[in-house]
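Biologist: Hi! Could you walk me through this structure?
Modeller: Happy to, let's open it up.

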Amino acid sequence: MANVFAQALDLGEPKRLLIFGAIAESGSIGAAARELGWSQPALSQHMNALEKDLNVTLFDRTPRGIRLTTAGQLARIRSGEVAASVTGLRSDLAKAFGLGGRNVRLAGFPSFVIGPLAAALGRLEANAGSGTDSPLHHSYEVSEAEPPEALRLLDDGAIDIAFLFHHEDETPPELPGHTTVDLGADHLDLLVPERWNRAGQIQHLTDVADLPWIMGCVRCRSTAERLCRHAGFEPRTRHITDNPGAIQSLVSNGLGVALLPRSARRYSQIAGIDPIALEEAGTRRVSALIPDGLADASEVVDLIDALRATDVTGGGATDVETGTQAKAAATGTTATTSTDGYSDS
């Protein structure tokens with residue numbers, strides 16, 4: 001029996017045969033790429049490798065698509081059998097263990113994974129099996145990746161959904177054959193050590209022009225630097241970390257100021273920080289990029305619904321009072337301006 005598996009493995013990666021079946025069903029590599037959510041070059045590479053493994057030509061390319069060779073027609077039959085076997089296994093497991101759906105591979109930036117995504121997946125887990133209208137017990141595989149890496153993974157077919165962000169003055173990320181689902185606006189707050197702003201003198205970016213800065217990931221740093229330059233100064237960077245918790249810890253210990261999305265503090269807040277809502281800091285949009293062929297799948301729809309139910313960005317108006325501004329309003333006091341810029345007392 002072992003010889004049967006050894007011979008099958010000698011023919012290369014079985015997934016290539018399934019990809020060929022999808023191409024044969026679609027009639028062209030381009031159509032299959034759109035349906036699978038893969039890039040056309042990636043499918044072509046798999047087909048070149050499969051033909052090399054089998055030592056045959058499976059199809060000829062024509063202006064109207066592909067034309068299967070005799071070998072291709074035989075391979076199409078076998079690919080259908082393999083697909084039916086794999087699908088049958090999933091169905092058997094679902095019936096035996098009460099599972100449903102498919103395994104959905106997700107990638108998102110750290111603060112999103114730690115906060116909204118974890119909360120949404122927890123909501124799905126709690127609702128699974130709780131009633132006739134509850135979602136199936138789907139399986140989700142989560143990994144952390146900043147937007148550029150997540151886009152590359154999605155384009156390569158290594159993940160099924162990429163969770164991304166872009167600042168309001170940037171071009172939204174796009175990928176052919178994929179649907180963009182907007183998940184809301186995430187406001188950027190200026191974080192300053194609480195003891196530096198007891199008088200409430202910090203209200204604009206220009207008020208921190210001479211203070212040291214703590215920068216985040218490459219894209220977050222680029223946004224912060226662009227906003228500071230627009231305000232008329234070059235930020236003096238002292239520390240760099242892509243960990244939202246580390247950024248807050250550095251700020252709370254008086255090591256600098258930082259711009260951080262409000263959602264990043266929603267699930268993990270560190271004391272000793274004065275978060276200041278600045279209209280000039282703007283917002284960033286959070287979105288999900290999903291292959292067109294998966295956009296209507298129940299496991300994807302259920303996840304997006306769960307994310308919206310958890311309020312991904314934490315909501316809040318742009319003029320919300322926070323930190324010292326809120327404290328001043330609550331006590332009826334008026335914020336005053338300090339002559340030395342900040343107080344470390």
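Modeller: One term before we start: two strands count as paired if DSSP finds at least two bridges between them. Also, keep in mind that this is a predicted model.

Biologist: Thanks! Which strands does strand 6 pair with in the antiparallel sense?
Modeller: Strand 10, residues 273–277, pairs with strand 6 in the antiparallel sense through five bridges. With strand 11, residues 283–291, strand 6 forms nine bridges, again antiparallel. Strand 9, residues 258–261, is an antiparallel partner too, with four bridges to strand 6.

Biologist: Nice. Which residues stand opposite each other there?
Modeller: In strand 10, I273 faces P193. L259 of strand 9 is opposite L190, and R284 of strand 11 is opposite D186.

Biologist: Switching to helices: at what angle do helix 2 and helix 3 cross?
Modeller: Roughly 115 degrees, with the axes of helix 2 (residues 14–26) and helix 3 (residues 29–36) coming within 8 Å. The crossing is right-handed.

Biologist: And which residues make that contact?
Modeller: Helix 2 contributes A22, I23 and S26, while helix 3 brings I29, A31, A32, E35 and L36.

Biologist: How many of those are nonpolar, polar or charged?
Modeller: The contact between helix 2 and helix 3 has six nonpolar residues, one polar and one charged.

Notes:
Residues numbered from 1 in each chain as written. Predicted model: local features only at pLDDT ≥ 70, side-chain atom pairs only at ≥ 80, totals over all residues. Heavy atoms only, no water. Helix = DSSP H or I, 4+ residues; strand = E, 2+ residues; numbered from the N terminus. Axes fitted to C-alpha atoms, helices over the stretch in contact; angles between N-to-C directions. Left-handed = near helix turned anticlockwise from the far one by under 90°. Contact = heavy atoms within 4.5 Å. Nonpolar A, V, L, I, M, F, W, Y, C, P; charged D, E, K, R; others polar.
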